[in-house]
Amino acid sequence: MQVHLHNPKRDLEVPGPVRVKDLVKRLGLNRESVLVIRGDSLVTGDATLDDADEIEIRPVISGG
Amino acid sequence: MNKCKRCGAAAVIDVRRHRAAFCADCFQHHCREQVRRTIDSHKMIAPGERVLVAISGGKDSLAIWDLLLDLGYDADGVYLGLGISDYSDTSRGFAERYAEQRGAKLHVVDIPTEHGFGIPDAAKATKRVPCSACGLSKRHLLNQAALDGGYDVLVTGHNLDDEAAVLFGNVLQWHTDYLARQRPVLPATDGFARRVKPLIRISERETAAYCVLKRIDYIVEECPMAAGNRHLRYKETLNDLEERSPGTKAVFYLQFLDKMLPLLESVAEEERRLVGSCSRCGAPSTAEICAFCKLVERAAPESV
C-alpha cells in the first residue's frame with residue numbers, strides 16, 4: 001500500500017495486510033500523535049489495511 | 001472490527017482514554033456534548049452573548065468555531081495575520097474558506113499592515129523565541145479585537161493537550177504565578193474581555209478527527225516558527241505516557257483544575273492587585289509600558 005507521511009512529506013510502500021496500530025508502531029510513531037486515514041475515511045487502530053489501500057498518516061500535534 | 005460505543009455501528013475513531021470507539025455521527029455528538037458540558041460547568045458563555053472565536057486556520061480553532069455554531073451560539077471569528085510568509089497566506093485561506101462556506105463572519109487583523117512588523121521581525125528585534133513574540137501579540141490583539149467589536153467573550157481553541165503541556169512546563173519550573181492564571185475561564189476585568197477555552201476536555205487528536213469527519217479543511221502543516229519548540233517536546237513526552245497509560249493527560253490537567261487551582265487563589269488575587277494599565281495604549285499591564293507596546297517599539301520603531 002501507499003503510505004503518505006507529513007513533516008517531512010514523503011511516500012512509502014508498505015506490504016499488507018497490516019493492522020493500523022502495527023503500521024503506526026512499525027513507523028516509530030505514537031498512536032496518540034497521528035490519525036490514520038484510508039482514502040478519505042478515518043480508521044481505528046484495529047482495522048486491517050490491504051495492499052490496494054492508499055493511506056495518509058496525519059500528524060495532530062501543533063506547537064502554537 | 002471496533003463498534004461504536006453509542007450505537008453499535010462500525011467505528012471510525014477510537015478514544016482510548018474513554019475506552020471507547022465511535023462512528024462518525026456519534027463522535028460528532030460526543031464532541032458537542034464535551035463542549036456543551038465544559039461551557040455549562042465553567043459558566044463560560046451565557047445565552048444570547050456575542051462570541052468572538054480566535055481563528056488560526058488550524059484544526060482546533062476551526063473545530064471550536066464549528067461546534068459553537070452547531071450548538072447555536074452567535075459566534076464570529078477573528079484571524080490574525082502574523083506575517084509568517086507563505087504559512088500566513090495559506091492559513092488565512094483556510095479561515096476565509098471556512099467562513100464563506102459556513103456563512104459566518106470573519107474579521108481579519110493583519111499585523112504587518114496594521115502594526116508594521118511580522119512575527120519573525122518581532123522575534124529578531126526583541127531576541128525572544130518566535131512563539132513567545134507570537135503569543136504575546138496574539139493575547140494583546142485578540143483581546144483588542146474582542147473589546148473593539150463589543151463582544152462579550154473571546155474563545156480560543158486551546159485543547160486538552162495544549163493545557164496539559166503548558167501545565168507540565170509550569171510545574172517543571174514551579175511558575176506559581178503562571179499556574180495560578182492557567183484557568184479555563186479568565187473573567188472580564190477593566191481592559192480585558194472574558195477569555196474561555198471550551199476545548200479543554202477534547203484532545204487534539206479528537207479535534208483533528210472532528211475536522212476530517214466534518215470535511216473541514218484546515219492547515220495540516222506545522223508553523224515553521226514552531227518547529228522544535230519546548231511546547232512540542234512537552235507534548236511528545238506526555239503522549240509517550242498517554243500511549244502506555246491512556247487518560248494520563250486528562251487526569252493530570254483536570255485534577256489540577258479541581259484540586260490545585262483553588263489552593264492558588266491567593267497567588268491569583270495578588271496578581272490581580274498588581275495589574276495597572278499601560279501608559280501608552282491603556283491595556284492592562286503590571287509595568288508602566290505593556291509588553292506589546294515594548295515589542296512594537298523594538299520591532300517597528302517608526303510606527304510608535
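**Figure 1. The six-stranded sheet of chain B.** In chain B, six strands form an open sheet with mixed pairing, in the order β5-β4-β3-β6-β8-β7. This is a predicted model, in which local features need pLDDT of at least 70 and side-chain atom pairs count only at pLDDT 80 or more, while totals for chains, interfaces and linings use all residues. Residues are numbered from 1 along each chain as its sequence is written, and chains are lettered from A and ligands numbered from 1 in the order in which they are written. Helices (H or I, at least four residues) and strands (E, at least two) are DSSP runs numbered from the N terminus, and two strands pair if DSSP finds at least two bridges between them. The edges of the sheet are β5 (106-110) and β7 (185-186) of chain B, each with a single partner strand, so one side of each is left without a neighbour in the sheet. Within the sheet, β3 (residues 50-55) and β4 (residues 74-81) of chain B run parallel and are joined over six bridges, and B:L52 has B:D76 in β4(B) as its bridge partner.

**Figure 2. Two helices on the sheet of chain B.** Helix α3 (residues 85-102) of chain B packs on this sheet and touches β3, β4 and β5 of chain B, its direction making about 165° with that of β4(B). Helix α6 (residues 130-148) of chain B also packs on the sheet, where it touches β3, β4, β5 and β6 (153-155) of chain B, and its direction makes about 140° with that of β4(B). Two residues are in contact if their C-beta atoms, placed from the backbone, lie within 7 Å; axes are lines fitted to C-alpha atoms, for helices over the stretch in contact, and angles run from 0 to 180 degrees between N-to-C directions.

**Figure 3. Helix α7 of chain B and its surroundings.** The 13 residues of helix α7 (residues 160-172) of chain B should span 18 Å, and the end C-alpha atoms are 18 Å apart, which agrees; the expected span is 1.5 Å times one less than the number of residues. Its buried residues are B:L160, B:D161, B:D162, B:E163, B:A164, B:A165, B:L167 and B:F168. A residue is buried if 20 or more other C-beta atoms lie within 10 Å of its own, exposed if 12 or fewer, and partly exposed in between, with C-beta atoms placed from the backbone. The cover over these buried residues includes α9, α10 (230-244) and α11 (248-260) of chain B. After α7(B) comes B:W174, which has a positive phi, near 45°.

**Figure 4. Two loop residues of chain B with positive phi.** Most residues other than glycine have a negative phi, and most peptide bonds are trans. B:K43, which is not a glycine, has a positive phi near 50° and lies in the loop between α1 (24-41) and β3 of chain B. B:K43 is exposed, with 10 other C-beta atoms within 10 Å. B:R215, likewise not a glycine, has a positive phi of about 60° and is placed in the loop between α9 and α10 of chain B. B:R215 counts as exposed, having 8 C-beta neighbours inside 10 Å.

Figure 5. In chain A, an open sheet of five strands with mixed pairing has the order β2-β1-β7-β4-β5, and its edge strands, β2 (10-13) and β5 (41-42), each pair on one side only. Strands β1 (residues 2-5) and β7 (residues 54-59) of chain A pair in the parallel sense over four bridges, with A:Q2 opposite A:E54 in β7(A). Helix α9 (residues 204-213) of chain B packs on this sheet, touching β4 (34-38), β5 and β7 of chain A, and its direction makes about 25° with that of β4(A).

**Figure 6. The contact between the two chains.** The contact takes 20 residues from chain A and 29 residues from chain B. On the side of chain A that touches chain B, the elements giving two or more residues are β4 and β5 of chain A.

**Figure 7. Two cis peptide bonds in chain A.** The bond from A:N7 to A:P8 is cis, with omega near 0°, and A:P8 lies in the loop between β1 and β2 of chain A. Another cis peptide bond joins A:G16 and A:P17, with omega about -5°; A:P17 is in the loop between β2 and β3 (18-19) of chain A.
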